[in-house]
Every structure is written in C-alpha cells, then in structure tokens.
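Hello,

Here is the structure we spoke about handing over. Please open it first; my notes follow below.

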Amino acid sequence: LGYPHDVSLTSPAKESGSRGVGRAGSVEVLAALLLLLLVIGPRLTPFVSAARMQAWTTIFIAVMIQAMPFLVFGVLLSSIIAVFVPAEFWAKALPSRPALAVPVASVAGVVLPGCECGSVPIAGSLIRRGVNPAAALAFLLAAPAINPIVLTATAIAFPHDPLMVVARGGASLAVALIMGWLWLRLGRADWIRLPRRPEVHGGSKIRAFSEAFRHDVMHAGGFLVVGAAAAATINVFVPETWLRSVASARVLSVIALAVLAVLLSICSEADAFVAASLSQFSLTARLVFLTVGPMVDLKLVSMQTAMFGRRFSSRFAPATLLVAVLMGAVVGTALL
Amino acid sequence: VNRQAQAVVMLLLGAVVVKASLTDTYLRYVKHGLQPLLIIGGGLLVAMGALALWYEVRDLASSTKDSHHEHREPRVTWLLVLPVVALLLVAPPALGSYTAAQSGSILAAQSSTSDYGPLPPGDPVPIGLLDYASRAVFDQGRSLRGRDLQLSGFITLGPQGQPMLARIVVACCAADGRPIKVGLTGNIPQGVPANTWIQVIGGYTATTSTDPINGAVVPYLQVSTWQQIDEPAEPYDQ
C-alpha cells in the first residue's frame, strides 16, 4: 500500500523539468492520496485510537488551528505590503546615516507584520534596493517578533502575564539593535551574496498578490506542521517528570528552551501558544524561547542561507542566537 | 509540489477549518473565543485558494505563461495535507483521562491571590472543578461549607486505582491543557471506566491528598449522588 504511493510522491519533483507531466502529476497524487485515505480512513481509526496517539493528534490539531488565523492574517498583510508598497519607499523612508537607520528599520518592523518567513525575502529586496545591510538585517530580526499581530497572539497566549508582551517586544528589539550595530562594526559586505533572480511576475498586481500569499502560506504552513508535530511529540511522549527536572534548573532550562526554539522552527505568529503550553518552565526560559524562535531556527537558517549565502548565515545565525539568549535572559530576569 | 496542488490544499485546509468551527468540533482544540477568527481565517484561505486555482486553470487554458513555472517548490508544503487529513478523517476527541493520568494536577501552579466571594444562590449550586479546588485549598473551603455542590467532569483513576473527578484546564488551546483533579469520598462511583463523564452532587470535605506526579494538593469532595452524562460541548474547564 505504501510503496506505489511513495513512488508517485517523488515523481512530480523529478519531472518538474518537463513541466506538463510533472504539474498534472502533483494534483493527481493529491487527489489519489485523499481518495485512498477516505477509503482506508475508517480502518485507520483503531490504529489511531490508542489514547496516546489520540492525545498527540488532538494537540497537533490544536496548535495548527490556534495558529492558523494568525498565520493567514500575517501573510495577508505582508503580501499586501510586498506587492502594493513600492520597495523604493523603504529606501527613501530610512535615514541615510547607517547608525540611525538601524533603529528606524527595527522599529519599522512594528508596522510590517508578518512571520519570519515573510521578512527574509523582504530584507533581501531591501538590500537589493540599496538599503544598508545593517538596517535591513535589523529589520529582518525585529519585524517577525515585535509586530502587532505577534504581540497580540502573545497577549492571548499569556492572559495572566501581561508583562510577557512588553518583555518580548523589548528583548527582541534589543537583539535587533545590537545585531544591526554589530554588523556596522564587524560585518563585511562580501559575506552577503544575493541570488541573481529576475523579477518574475509579469502579470497584474492581484496576480502577484495571489502568488505571494500562496507561497508564504504554504511555506510557513508547512514548517508550522513540523513545529506542531514536534510540540505535540514533546507534550505527549516526554514524561512530565523529565521536563520538570530540566525546568527546575535555572540555566539549563533557558538553554533547553533556546535549543527547542531552534529545533521546532515555529512561525512567530504561533510560537507564543507553544510557549504557553510549556508551562513547567519559568517565564524567563519561555521568553528566551520567544526571543530566539523568530530570529534563529532551522527553517530560518536555511532560508537565510538561500537568500544571503552560506558565508553570511554561518556567521550571522550563531551570533544572533547568542545575543538573543542573553537578551532574553536579562530582560526576563528584570521584568518577569 | 506545484501551484495547482498548493491551491487545492489551501482550499481544503480553509474548508475543514471553517467546517470545524461551525460545528462544536473546534471546541475540542481551542477556546470558544477563537471561533470568529477561525471562520474569517478559514474563509480567507478558501478565497485565496480559489483565486490561485483560477489563475492556474486560466494559464493552463491559454497556455501562454511558463516563465515562472520552472521554480520548484520545496516539498515541506506537502505537509499541510496532514492537518486536513487529521481533521477530516480522525477529528480526535478532546483531551481526557490519558492526559489527566500523565500530568500533575494544575493546582500547584496556581498562585491565587484573589479573594473568594460567596457562591451564587442555587441548591445544588453548579461550580467548576478548578473553582472548587481553589476555594477548597486556598480558602480552606470557607465559601463551600454547608452548600450542596454540583460538579461535572470525567473519571480518571488515581495512583491506587481509585476513581477521581478530573477536567482539563485550557488557557489558550489544548496544547497547554493541564488536568485539575478532585478526589472522591462517600458514595464513590464504582466500576465506572476512565474517561466517562459524570455529574456529581456533594459537599465540601477537608480531606486532601497530594498528586504523586507533581506534588500538587488534591482536594476531596463528599459525594452524595452521581449520574453519567454526555461529554459537554465545551469539554474544558472555563
């Protein structure tokens, strides 16, 4: 049963060069997959009925459903801005002195809602249009963490700890500023290698908007599935006593959640809900989770490598991780 | 993954989310307040999926396009089929006695500073499990004495196999669900399988024990009568 299905799954990718066949293949595979599941679905139920699998699936769906509206609204707004606001506008709006452009670009993240997947291409296009890389990178780090949609989601996820919103905004802004200014001092332009890609969209603006939306929802959504599955796995399969023993150690718990944030790669519009579920951990450790997550994680590092090149990401990501953990711990200790 | 398949997945995902939020299914996973956002978000997904699909179909018909069709999309986008399948075919039940047995009672985490006013009138008076437990433990049951109380929850088995009343408390979505547990004395429901929902009428008792998982205090309830009920539409403690 699994074998032919696996083969047909790989075929569209292989055939993507000869597109006529490959394109039709993908939809057919999808349709076949759904039909197959409709037929064998009832037979799957006893398999899934083990209490542990049920709890896993419930939590997986819960994270997906809770995050879905925020993801959709975020992508909607970032697509509108990406398509209907000219890129030149940002170059004009920023101060010409780089040291000043860094804080302005960081704060500009407030009005540019989107999750981190959306801000990587935006930062790339800002650099292309002549924005100083330090400012573009500060924007890249700040935008996913401090925009209103993400902060609202954080407030909803932590109804009893309103200071969490302030702490998250403050710590993330601080990391963006530090990394931007650090780039001005230490960064080298030749580390960044932007891919030469022709601007493709020949069609209407609505079409470009539709493309941007589809692309961002599917990519961010795909990685969200990975994150939701990982969160459900940790929730269900890791015994509470383990997490408690890690969670009770101050330094270890901070490091553990920083690593978890990198591994889970959850979209910033949804990560607050996952953080809320890690209720065994201190608020400071969870703030570190929320500060690191939108700035450094597996999917972001791979996206940054694709956009800016390996020489850039191999330096930028570890430095950001270090600064984010430190700032999260400092702000958390002071505020929470 | 190609664009048509992606558009179809967007459409499907939006449709199953809207469907779940128009029935009570969504209450197994998230709180009531998210319903309007779910309907709007799901509706947007359906609309944008339909728009994307319309462009693809039009391209296919006119067959003048292509320059940007060569770009291969990463395969991670396929994963969005999983939540569609899980919601459409499995739609797993709300968290219940499995979670209650795995996790420590939530009362330890609660640092309640609010003062507990008198209970509303009513005989018996309905009261939530978390409310009962907080009043019993943090207010020494002052507001509970002499009242007939009505609690509902599901049966979970304690460390010695004794039946306890439990309910899952959710702050945001089921991923942060933690149980609140109340021990039972008096007319204890015997032979009721775990995860069965019951409604209990009883009174306050000063008996407590501790949850071996996290050391939380578990208050007890003196049961006078109980009956089996259906799982409520909102299964989580509010």
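**Interface and local features**

The side chains of B:E56 and A:R207 form a salt bridge, 3.7 Å from N to O. A salt bridge here is a side-chain nitrogen of Lys or Arg within 4 Å of a carboxyl oxygen of Asp or Glu. Between chain B and chain A the count is three salt bridges.

A word on the basis. This is a predicted model: local features need pLDDT of at least 70, side-chain atom pairs count only at pLDDT 80 or more, and totals for chains, interfaces and linings use all residues. Residues are numbered from 1 along each chain as its sequence is written, chains are lettered from A and ligands numbered from 1 in the order written, and side-chain values use heavy atoms, leaving out hydrogens and water.

**The interface**

The contact (heavy atoms within 4.5 Å) takes 69 residues from chain B and 66 residues from chain A. The buried area between them is about 6,100 Å². That is the accessible area (1.4 Å probe) that two parts lose on being put together, summed over both. Carbon and sulfur atoms give 72% of it.

Five residue pairs are in polar contact across the interface, both residues at pLDDT 80 or more. A polar contact is a pair of N or O atoms within 3.5 Å; within protein, one must be able to donate a hydrogen and the other to accept it, and residues adjacent in sequence count only if both atoms are side-chain atoms.

On chain B, α1 (3–22), α2 (35–62), α3 (81–90) and α4 (97–102) each supply at least two residues of the side that touches chain A. Helices (H or I, at least four residues) and strands (E, at least two) are DSSP runs, numbered from the N terminus. The largest share, 15 residues, comes from α2(B).

**A helix inside chain B**

Helix α5 of chain B (residues 129–138) is largely enclosed by the rest of the structure, because eight of its 10 residues are buried. Buried means under 20% relative accessible area, exposed over 50%, partly exposed in between (1.4 Å probe, protein chains only). Among the buried ones are B:L129, B:Y132 and B:R135. The buried residues pack against β2 (149–157), β3 (163–169), β4, β5 and β6 (217–228) of chain B. Just after α5(B), B:Q140 has a positive phi of about 50°.

**Backbone points to check**

Most residues other than glycine have a negative phi, and most peptide bonds are trans.

- The peptide bond from B:D123 to B:P124 is cis, with omega near 0°.
- B:A91 has a positive phi near 40°, and lies in the loop between α3 and α4 of chain B.

Best wishes
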